[in-house]
Amino acid sequence: MKVVVVESPAKAKTINRYLGDDYIVLASYGHVRDLPSKDGSVQPDQDFEMSWQLSDSGGKRIKDITDALKGADRLILATDPDREGEAISWHVCELLKAKKESRDIPYERVVFNEITKSAILTAMDNPRDLDIDLVDAYLARRALDHLIGFSISPVLWRKLPGSKSAGRVQSVALRLICEREGEIERFITDEYWSVDTLFKNEKDETVLGRLTHADGVKLDKLSIKTEAEAKQLASRIDGATWSVGDVETKRVKRRPAPPFTTSTLQQEASRKLGFSASRTMQIAQKLYEGIALGAETTGLITYMRTDGVSMSGEAIAGVRSEITNLYGAEFTPEKPRFYKTKAANAQEAHEAIRPTSFSRQPQDMRRFLDFDQFRLYELIWKRAIASQMEDAQLDQTAMNLVASDDALVMRTTGSILVFDGFIRVYREDKDDSQGDADDQDKLLPALKAGDALDADTVSPEQHFTQPPARFTDASLIKRLEELGIGRPSTYASILQVLEKRSYVIKDSKRFIPEHRGRIVSVFLENFFSRYVEYNFTAGLETQLDDVSGGRMEWRH
């Protein structure tokens, strides 16, 4: 008999079905112990000795495991394949070693990236030892967070009554939100005007131009300051004789985005589906742990906490086959695509988030999923499929429209989709965009240099400069990732904690700092500036990665 320990009961139930009667699969329900929230739990003067405390359910979970081990010959630790998962396995081991009845039972560590029968059985055939470097990185992080928190929080409680704690990464996220609010408040609005003109050719085809040059001067966004200037230019446009000047057409390729990491999944689910980061992770967890597909329960996606953008060779072969079956050979590149992450401090040990089987098309899975599960699964499936498809090809055209005296020049751009490639399946959204449409994705009539044009409608239009947008879940996670702050597994909880502690509120899905949050942020910047510096926090993440990789001793 073998005892297998995983984190969640849902995962335990699924894995139990795969392994059969010779295994007992139990859940630890997350961490079985942690540092108590009191000063002295970490003692720097005693070689950073830590005093651990069982979680509320930890004692019961360890008793259940100990009881199950009485008739067993082996303990298999199958917690998640990341730093936290390694730490949970280590805690379970340490607690069992302290018990006489279980200390001599041999143990193995197994990891898998997806909860499918083949992945679980393969993992069981390839056990390893606990990764002590990963455990050390966890210990370093917990000690750091505890010591920093207990350097700051008691001062906060005394000086700013009602304020809660100030976590290491949470404080930096709060600073970003508060700094953005300050930029918005200091922003001075400028008025400016544009002069767009709808032209017609002899065939009554239309083309829209925007004024770019007047009297030899290039006009930038803010060049036309007043209505009087705009109307004067409009009058000149209306009275001029127009023709097509330079026409430039070039073939351009657009490449697909890589498959999802945790942060890009959270960003796209925020933009496309309106999900908060925490909602995205809740749904992804269910898709990973297993969905009942009739009589079979299986995980539909790979592990959802990852920095990696690569897929396994087997997965790439599967996706390329599916692309050819669904869309044809012309949509399948000659060679597979390989991606590298651009995120600072990324750990690329794990695969990107992808379906466990590309043949499980979203429409076929719909009857097994609720509405939000279906939408997130469809997003993951489409992004992973598109990442291995052919480039999209467009003919982009830019042309100058010139007045007969060359004193005025207007410009228009457009493009024709020659081959849709990956766009057939998926197109990435951008922050604060009004949808998928690109300014250049408009069709232009077939015009050539010298063709006569008539200025049909001249439209002077007033505009005002806009302050920077407040952060959404998507844009804040993107900024934290760019700065190398935090980890995929932490983004959702960081944003949740800021709201829970009433440091920020959300309005139209955008973060606005509350009065208390702004006071806390200013207080930390003035009296604990080092802890909220972006470089300090990002530097700690790099050092923790060095500990994970065995390049640094964790107590240094």
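Student: Why is R175 called buried?

Tutor: In this predicted model, R175 has a relative accessibility of 16%. Buried means under 20%, so R175 counts as buried.

Student: What makes E525 partly exposed?

Tutor: E525 comes out at 31% relative accessibility. Partly exposed covers the range between the buried limit of 20% and the exposed limit of 50%, so E525 belongs there.

Student: How do you know that E525 forms a salt bridge with R175?

Tutor: The closest N and O atoms of E525 and R175 are 4.0 Å apart. The rule asks for a side-chain nitrogen of Lys or Arg within 4 Å of a carboxyl oxygen of Asp or Glu, and this pair is counted as a salt bridge. E525 sits in helix α15 (residues 515-527) and R175 in helix α6 (residues 168-186), 350 residues apart, so the pair links distant parts of the chain.

Student: How many salt bridges does the count come to by this rule?

Tutor: It comes to 39 salt bridges.

Student: What makes R142 and D34 a salt bridge?

Tutor: Their side chains meet with an N to O distance of 3.0 Å, and the cut-off is 4 Å, so the pair qualifies. R142 lies in helix α5 (residues 132-159) and D34 in strand β3 (residues 33-34), 108 residues apart.

Student: Are R142 and D34 buried, or partly exposed?

Tutor: One of each! R142 has a relative accessible area of 14%, under the 20% limit, so R142 is buried.

Student: Which residues are linked in a network of salt bridges?

Tutor: E7, K11 and D80 are linked in that way.

Student: Back to α8: why is α8 called roughly perpendicular to helix α9?

Tutor: α8 and α9 (residues 277-289) pack at about 115°, with their axes 9 Å apart. Angles from 65 to 115 degrees count as roughly perpendicular, so the label applies to α8 and α9. The contact is made by T262, L265, Q266 and A269 of α8 with A277, T280, M281 and A284 of α9. The crossing is right-handed.

Student: What makes strands β15 and β10 partners of β16?

Tutor: Again at least two bridges are needed. Four bridges join β10 (residues 206-214) to β16 (residues 408-419), running antiparallel, and 10 bridges join β15 (residues 392-403) to β16, also antiparallel. Both counts meet the rule, so both strands pair with β16. R411 in β16 stands opposite R210 and is the bridge partner of N400.

Terms used
Residues are numbered from 1 along each chain as its sequence is written. This is a predicted model: local features need pLDDT of at least 70, side-chain atom pairs count only at pLDDT 80 or more; totals for chains, interfaces and linings use all residues. Side-chain values use heavy atoms; hydrogens and water are left out. Helices (H or I, at least four residues) and strands (E, at least two) are DSSP runs, numbered from the N terminus. Buried means under 20% relative accessible area, exposed over 50%, partly exposed in between (1.4 Å probe, protein chains only). Axes are lines fitted to C-alpha atoms, for helices over the stretch in contact, and angles run from 0 to 180 degrees between N-to-C directions. Angles under 35 degrees count as roughly parallel, over 145 as roughly antiparallel, 65 to 115 as roughly perpendicular and the rest as oblique. A crossing is left-handed if the near helix is turned anticlockwise from the far one by less than a right angle, and right-handed if clockwise. Contact means heavy atoms within 4.5 Å.
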